[in-house]
Amino acid sequence: MENKTKSGFVSIIGRPNVGKSTLMNKIIGQKIAITSSKPQTTRTKISTVYTKGNTQMVFVDTPGLHKAKNKLGESMVSTAKRTFNESDVCLYLTEAEPFIGEQDENILSLLRTVSIPVILVITKTDKYEKEKVFKAIELFSKQMDFADVVPLSAKNGRNIDTLLEVIEKFIPEGPFYYDPDTLTDQPERQVVSEIIREKCLRCLGDEIPHGIAVVIDIFDFSKNTVYIEASIICERETHKGMIIGKGASKIKEIGTYARNDIEKLLDKKVNLKLFVKTKENWRDSEYLLKNFGFLAEERNE
Ligand SMILES: Nc1nc2c(ncn2[C@@H]2O[C@H](COP(=O)(O)OP(=O)(O)OP(=O)(O)O)[C@@H](O)[C@H]2O)c(=O)[nH]1
Ligand SMILES: [Mg+2]
């Protein structure tokens, strides 16, 4: 008899910076979603596909749930909320802190209203003493009925296998959504622009990166060396100066790190040219948000 296949969508939600994107990258073994030590790194929903044997899990990484301060933030939060309504099982990520903060309170009250199974995932266990992890499990388990609880570390890989086994129990029978070789639904152009944004997040001081968007202007695959031109959009002229840096040192640093990662991704030599442009308050401009691709989902509804 033929082996029956199982497939389902697994949403990953939590407040900013708890390690959602890092966990998803770890599971599929490749960096698709960018990560950084700064909150609100992920801005759109990113799906990756994990296929093993006759089971396929589509992981959907979402922007961290937070109190939105501008239109971009609002779009990020509504994307995250919509995502778990469309999934078969939800992973709720939080760290092993001894209290439940306001952001987690809000997420919990949202989760109590959903009908899909929610798995509590305590992240970054490499950073916390065992006792603290146990206490956090106890504290969070009192808040609602979780389908299961898994403490893990994406950094050292502890319990990732356990998490996959737990998730599998909630994946329904059905045909694969994607070809088994598929890794992500993200177009290469999008991953490339995100890599450039990640290098901005990592190379620049705290106040600038939140106001940055990256737009790919040219993506030419026709020659042996891939030719890419991209614009880094910032909100102020002073930020533009900081992104370029003294003698263009900063933009060169961002470009070098980005080119390395893009070459690994495309497995080809890359010629990358970066430009910096100012567009004031783009995060509150519906027109520019649409232009940069942030409001695409709302448009399709
Ligand atoms: N020590 C440790 N650090 C981790 C682990 N997982 C993630 N981090 C770090 O936590 C920070 C945030 O990780 P992200 O994966 O970007 O977090 P996120 O939840 O996707 O954040 P947003 O996209 O902003 O909502 C990064 O600096 C990661 O390196 C872990 O298992 N252990
Ligand atoms: Mg993220």
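Trainee: What makes α1 a helix that lies across strands, and at what angle does α1 run to β3?

Mentor: This is a predicted model. In it, α1 lies across β1, β2, β3, β4 and β5. The angle to β3 is about 155 degrees. Angles here go from 0 to 180 degrees between N-to-C directions.

Trainee: Which residues of α1 are called buried?

Mentor: K20, S21, T22, L23, M24 and N25. The label takes 20 or more other C-beta atoms within 10 Å, and those residues of α1 carry that label.

Trainee: What covers the buried residues of α1?

Mentor: The cover includes β1 (6-14), β2 (46-52), β3 (55-61), β4 (89-95) and β5 (118-123).

Trainee: What follows α1?

Mentor: G29 does. Its phi is positive, near 75 degrees.

Trainee: What does α1 give to the shell around ligand 1?

Mentor: Helix α1 (residues 20-28) supplies three residues. That is the most given to this shell. The shell counts 24 residues, and the closest are G19, T22, T35, T42 and G64. T22 is also among the buried residues of α1.

Trainee: How do the shell residues of ligand 1 divide by class?

Mentor: Five are nonpolar, 14 polar and five charged. Gly counts as polar here.

Trainee: Why are β2 and β6 said to stand at the edges?

Mentor: Start with the sheet. It is open, with six strands in the order β2-β3-β1-β4-β5-β6 and mixed pairing. β2 and β6 (148-151) each have a single partner strand, so one side of each has no neighbour in the sheet. The twist from one strand to the next averages 25 degrees.

Trainee: How do you know that β1 and β3 pair?

Mentor: Two strands pair when DSSP finds at least two bridges between them. β1 and β3 have seven bridges, so they pass that test. They run parallel. K6 stands opposite T55 in β3. Helix α2 (residues 71-85) packs on this sheet and touches β1, β3 and β4. The direction of α2 makes about 145 degrees with that of β1.

Trainee: How many bridges join β4 to β5?

Mentor: Six. At least two are needed, so β4 and β5 pair. These strands run parallel. C90 has V118 of β5 as its bridge partner.

Trainee: What makes β5 a mostly covered strand?

Mentor: Six of its six residues are buried. Take β5 face by face. V118, L120 and I122 are buried on one side. I119, V121 and T123 are buried on the other.

Trainee: Why is Q40 called buried?

Mentor: Q40 has 20 C-beta neighbours inside 10 Å. The cut-off is 20 or more, so Q40 counts as buried. Q40 lies in the loop between α1 and β2. Its phi is positive, about 60 degrees, although Q40 is not a glycine.

Trainee: Is N281 buried or exposed, and what makes the case?

Mentor: N281 has 12 other C-beta atoms within 10 Å. Exposed means 12 or fewer, so N281 is exposed. N281 sits in the loop between β9 and α9 (286-291). Phi of N281 is near 50 degrees, positive in a residue other than glycine.

Trainee: Which strands form the edges of the sheet that holds β9?

Mentor: That sheet is open, with three strands in the order β7-β8-β9 and mixed pairing. β7 (213-220) and β9 (270-278) are its edge strands, and each pairs on one side only. The average twist between one strand and the next is 20 degrees.

Trainee: How do you know that β8 and β9 pair?

Mentor: Nine bridges join strand β8 (residues 226-234) to β9. The test asks for at least two, so β8 and β9 pair. They run parallel. I233 stands opposite K277 in β9.

Trainee: Which strands does α7 lie across?

Mentor: Helix α7 (residues 237-244) lies across β8 and β9, at about 155 degrees to β9. Helix α8 (residues 249-266) also lies across β8 and β9, with about 135 degrees to β9.

Trainee: Where are the domains, and how is the protein divided?

Mentor: Domain 1 covers 6-168 and domain 2 covers 188-300. Their centres, taken over C-alpha atoms, are 27 Å apart. The contact takes 13 residues from domain 1 and 16 residues from domain 2. On the side of domain 1 that touches domain 2, three are nonpolar, seven polar and three charged.

Technical notes. Residues numbered from 1 in each chain as written. Chains lettered and ligands numbered in written order. Predicted model: local features only at pLDDT ≥ 70, side-chain atom pairs only at ≥ 80, totals over all residues. Domains from an automatic or database assignment. Contact = placed C-beta atoms within 7 Å. Near = placed C-beta within 6 Å. Helix = DSSP H or I, 4+ residues; strand = E, 2+ residues; numbered from the N terminus.
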